[in-house]
Number of protein chains: 4
Amino acid sequence: MSASPERRSELLATAAEVFAAQGYNATTVRQIADAAGMLAGSLYYHFDSKESMVDEILSAFLGELWAGYDAVLAAGLGPRETIEALVTESFREIDRHRPAVAIYQKEAMHLSVQPRFGYLADSQKKFERAWLGTLERGADAGVFRADLDLRLTYRFIRDTVWVAASWYRPGGLHTPEEIARQYLSMVLDGIAVQS
Amino acid sequence: MSASPERRSELLATAAEVFAAQGYNATTVRQIADAAGMLAGSLYYHFDSKESMVDEILSAFLGELWAGYDAVLAAGLGPRETIEALVTESFREIDRHRPAVAIYQKEAMHLSVQPRFGYLADSQKKFERAWLGTLERGADAGVFRADLDLRLTYRFIRDTVWVAASWYRPGGLHTPEEIARQYLSMVLDGIAVQS
Amino acid sequence: MSASPERRSELLATAAEVFAAQGYNATTVRQIADAAGMLAGSLYYHFDSKESMVDEILSAFLGELWAGYDAVLAAGLGPRETIEALVTESFREIDRHRPAVAIYQKEAMHLSVQPRFGYLADSQKKFERAWLGTLERGADAGVFRADLDLRLTYRFIRDTVWVAASWYRPGGLHTPEEIARQYLSMVLDGIAVQS
Amino acid sequence: MSASPERRSELLATAAEVFAAQGYNATTVRQIADAAGMLAGSLYYHFDSKESMVDEILSAFLGELWAGYDAVLAAGLGPRETIEALVTESFREIDRHRPAVAIYQKEAMHLSVQPRFGYLADSQKKFERAWLGTLERGADAGVFRADLDLRLTYRFIRDTVWVAASWYRPGGLHTPEEIARQYLSMVLDGIAVQS
DNA sequence: CATGAATGAGGGTTCATTCAT
DNA sequence: GATGAATGAACCCTCATTCAT
C-alpha cells in the first residue's frame with residue numbers, strides 16, 4: 001500500500017480536479033482513473049479507497065493552510081494587519097490549492113460527521129477562534145466598528161473569502177495578492193463612496 | 001402522475017429539506033419517502049423522477065425570486081437604493097425558501113449543464129446583468145467607488161448574500177431585514193472605523 | 001427491509017443449498033439470485049447482505065438444534081440414553097437442515113471470529129459441555145469405558161455425527177433414526193466381533 | 001518458472017499453512033506472499049498460478065499417502081490388522097502433512113470437478129476400494145460384525161480419521177500412534193463397557 | 001529473483017425506477 | 001394513492017495475474 005510519493009501526488013492532483021468539478025459523491029473512481037489514464041482498479045494500488053483520496057487531499061490542504069495561518073497569528077500584528085495578512089494568506093492558499101478548497105467548501109459539512117473526518121470540524125473551530133478573536137480584539141481596540149454583530153461579520157468575511165475558490169482560475173487576470181487587496185478594500189472601507 | 005396540489009407541495013417541501021441537508025446526489029429517494037412517511041415507489045405516483053423534484057423545487061424558487069427582483073428593478077430607484085432593495089429581497093427569499101436556496105447554491109453548477117436545467121444558466125445571466133448593471137450605474141453616478149474591479153465586486157456581494165443560506169436558520173435571532181441591514185452596512189461602509 | 005416471511009424462507013432455503021454446495025466464499029450472490037430466479041440486486045430487498053443470509057440460516061438452525069438438545073438434556077435420562085437421544089436428535093436435525101449443517105461444518109470456524117457470529121463459538125462451548133459432561137457422567141457411572149481419553153472420545157463422536165451432513169441425502173435409503181441406530185451401534189459396541 | 005526446489009518447498013509449506021487456516025478461496029495470493037516475506041507478483045516466478053500451488057500441495061500429499069497405503073495393502077495382513085495399519089498410517093500422515101490434509105478435507109469436493117484435479121476423484125475411489133474392500137473381507141471372515149451397513153461403516157471410519165486434521169496440533173499431548181490406538185480402540189470395541 | 005505498477009474480470013451492494021395488486 | 005417486489009445499471013472495491021525494470 002503506497003508507492004512513490006510523486007505518483008501519489010500526481011494522482012491526488014488529478015482526483016482533486018475531478019472532485020472539485022463534479023462533487024465528491026457525483027464523481028466515480030472510474031472518472032478519476034480515466035483522467036489519470038489508468039483503469040479504476042489500478043487506483044487501489046495507490047490508495048485504500050475513494051474516501052482516503054479526499055482525506056489525503058483535504059488534510060494536505062489544511063496542513064498547509066494552518067502552517068500559514070499559524071505563522072500570521074504568531075507574528076504579533078495588530079488586529080487590522082492580522083486580518084489583512086489572513087485574507088492575503090487565504091487567497092494564496094486558494095491559488096495553490098484551488099481544487100482542494102473547492103472540495104472543502106462543498107463537502108466539509110457532510111464529511112465531518114464521519115469520525116475519520118473529525119479534523120474538519122476541529123479545523124473549523126480553530127478557524128472561528130482565530131478570525132472571531134481578531135475581530136473582537138479590533139473592536140475592543142477601536143479599529144473595527146463596534147456596532148456590528150461580530151458573529152455575522154465573521155461569517156461574512158469567511159464566506160466571502162472562501163467562496164472565491166468556486167470561480168477563481170489560477171493564471172487569470174489577477175494575482176492572489178491583487179484579489180486580496182481588492183477584497184480587503186471592500187471589506188474594510190465598503191463599496192460606497194464615503195462622504 | 002397527478003394528485004392534489006397541496007400534497008405535491010408538502011412532498012416537495014419535505015424533499016427540499018432533505019436535499020438541502022444532504023446534497024442532491026447523496027440523497028436517496030428512499031430517504032425522501034421515509035421523511036414523507038411513505039415508500040420509495042409511492043413517490044412516483046406524484047413525480048416523474050427524482051430529477052423532476054429538484055426541478056420543481058428550483059423553478060418554483062426562481063419564479064418567486066424573480067417576481068421580487070423584477071418589482072425592485074422596475075421601481076426606478078437609484079443605484080444605492082436598488083442594491084439595498086435587492087439585498088433585502090434576497091434575505092427575505094432565503095427566509096422563505098431556505099432549503100431551495102441551499103440546493104441552488106450547491107447544485108446549480110452541476111445541474112445547469114443538462115438541457116432540462118438550462119433555465120438555471122439563464123437565471124444566472126439575468127442575475128449578473130441586474131447586479132452588475134446596478135453597480136455600474138452607481139459607479140458612473142459617483143455613488144460607488146470607482147477604483148474597484150466591478151466584476152469582483154459583483155461576485156463579492158452575490159456570494160456574500162447567498163452563502164448565508166448555508167447557515168441561516170429561520171426563526172433565529174435575526175429577522176431577514178435585520179440581517180440585510182447589517183450586511184448592507186458592512187458592504188457599503190466597511191468594517192473599519194472610517195477616520 | 002424484509003417482507004413476507006414465506007418468501008424469505010424460500011430464498012434462504014435456496015441460498016443455503018447453494019452455500020452448502022459451493023462454500024460460502026465461493027458462492028456469488030448472482031448464483032443465489034439465479035437459483036432463485038431473480039436478479040442479484042433483488043435479493044437486497046429481502047436481505048441486508050450476503051453475510052446476513054448465512055447468519056439467518058445458521059442461527060435458525062442452531063435455534064432448532066438447541067431446542068431439541070435442551071429437551072433431551074432436561075429429560076433426566078441416564079448417560080447412555082442421553083447419548084443415544086442426542087445422536088438421534090442430531091441425525092434428525094441433519095435430515096431437516098442438511099444444507100445448514102453442511103455450511104456450519106465448513107464455515108463455522110472462519111465466521112466465528114467476527115463479532116456478529118459470536119454465537120457460533122458460544123454454541124460450540126455449550127455443545128462441548130453437553131456431550132463431554134454426559135461422557136464423564138457415564139464414565140463415572142461405569143457405563144462407558146474408563147480407559148479412554150474423554151476429550152478424544154468427544155471429538156470422535158461429534159465429528160462422526162456431523163460429518164454425515166456432507167454425504168447424507170434426505171429421502172435416501174435410510175431414515176435418520178435408522179442411521180442413528182447404526183452409528184450408535186458402532187460407537188457403543190465397536191465394529192469388531194466381541195469375543 | 002523454475003528455481004531451487006528447496007525454495008519451492010518452503011513457499012509451498014507457507015502457502016499450505018495459509019490455505020489450511022483460511023480456506024483456499026478466502027486466501028489471497030497477497031497473504032501467501034506476506035507470509036513468505038515477498039510481494040504477490042514475485043510468487044509468479046515460482047508458480048504458474050494460485051491453483052498450481054494447491055495442486056502441488058495436494059498431489060505431493062496424496063503421493064506420500066498412497067506410498068504408505070500401498071505398502072500396507074501389499075503386506076498381506078489380515079483384515080483387522082490392515083485396518084489398524086491404515087488408521088495408524090493415516091494419523092502419521094496427518095502428523096506430517098496437517099495443512100495438506102486440512103486443505104484436502106475442505107476443498108477436495110469443489111476442486112475435483114475441474115479436469116486438472118481429476119486425480120482427487122480417482123484417489124477417492126481408490127480409497128473407498130481399499131477401505132471398503134478390507135471391511136468386506138473382515139465381515140466375510142467373521143472378524144467384523146455382519147449386521148452393519150458396510151458403506152455406512154466405511155464413511156464412519158473415513159470421516160472419523162480425517163476430520164482429526166481439523167483439530168490436531170503436531171507436538172501436542174498425543175503422538176499419532178497414541179491417537180491411532182485410541183481411535184482403533186473406540187472403533188473396534190466401542191465406548192460402552194461390554195457386559 | 002524480486003519489485004512496482006498496472007490490468008481486467010468479476011463480486012457485493014446501492015439505488016432510481018417500474019408495475020401488478 | 002400506496003405497497004411490495006423486482007429490475008438493471010452503475011458503483012466501489014478485490015484480486016489473480018502480467019511484465020518491464
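Biologist: Which residues of chain A does UniProt list for "DNA-binding region"?

Modeller: The unreviewed UniProt entry lists residues 28–47 of chain A; such annotations may be inferred rather than shown by experiment, and UniProt positions follow the numbering used here. The model is predicted, so local features need pLDDT of at least 70 and side-chain atom pairs count only at pLDDT 80 or more, while totals for chains, interfaces and linings use all residues. Residues are numbered from 1 along each chain as its sequence is written, chains are lettered from A and ligands numbered from 1 in the order in which they are written, and side-chain values use heavy atoms, without hydrogens and water.

Biologist: How much of residues 28–47 of chain A is helix?

Modeller: That span is 60% helix and 0% strand, and its end C-alpha atoms lie 15 Å apart. Helices (H or I, at least four residues) and strands (E, at least two) are DSSP runs, numbered from the N terminus.

Biologist: What does the UniProt annotation for residues 5–65 of chain A say?

Modeller: The unreviewed entry gives "domain: HTH tetR-type" there. Residues 5–65 of chain A are 75% helix and 0% strand, with end C-alpha atoms 21 Å apart.

Biologist: How many residues surround DNA strand E?

Modeller: There are 32, and the closest are A:Ser42, A:His46, B:Val29, B:Tyr44 and C:Tyr44. A residue is near the strand if one of its heavy atoms lies within 4 Å of it. Of the atoms of DNA strand E that come within 4 Å of the protein, sugar and phosphate account for 71%.

Biologist: Which side-chain or backbone atoms lie by a phosphate oxygen of DNA strand E?

Modeller: An N or O atom in the side chain of B:Tyr44 is 2.6 Å from a phosphate oxygen. For D:Leu39, a backbone N or O atom lies 2.9 Å from a phosphate oxygen.

Biologist: Turning to chain C, which residues of α7(C) are buried?

Modeller: Among them are C:Leu120, C:Phe127, C:Trp131 and C:Leu135; buried means under 20% relative accessible area, with a 1.4 Å probe and protein chains only. Their cover includes α4 (50–73), α5 (79–96), α6 (98–111) and α8 (150–163) of chain C.

Biologist: What follows just after α7(C)?

Modeller: C:Gly142 takes a positive phi of about 80° there.

Definitions and conventions:
A polar contact is a pair of N or O atoms within 3.5 Å; within protein, one must be able to donate a hydrogen and the other to accept it, and residues adjacent in sequence count only if both atoms are side-chain atoms. Buried means under 20% relative accessible area, exposed over 50%, partly exposed in between (1.4 Å probe, protein chains only). Contact means heavy atoms within 4.5 Å.
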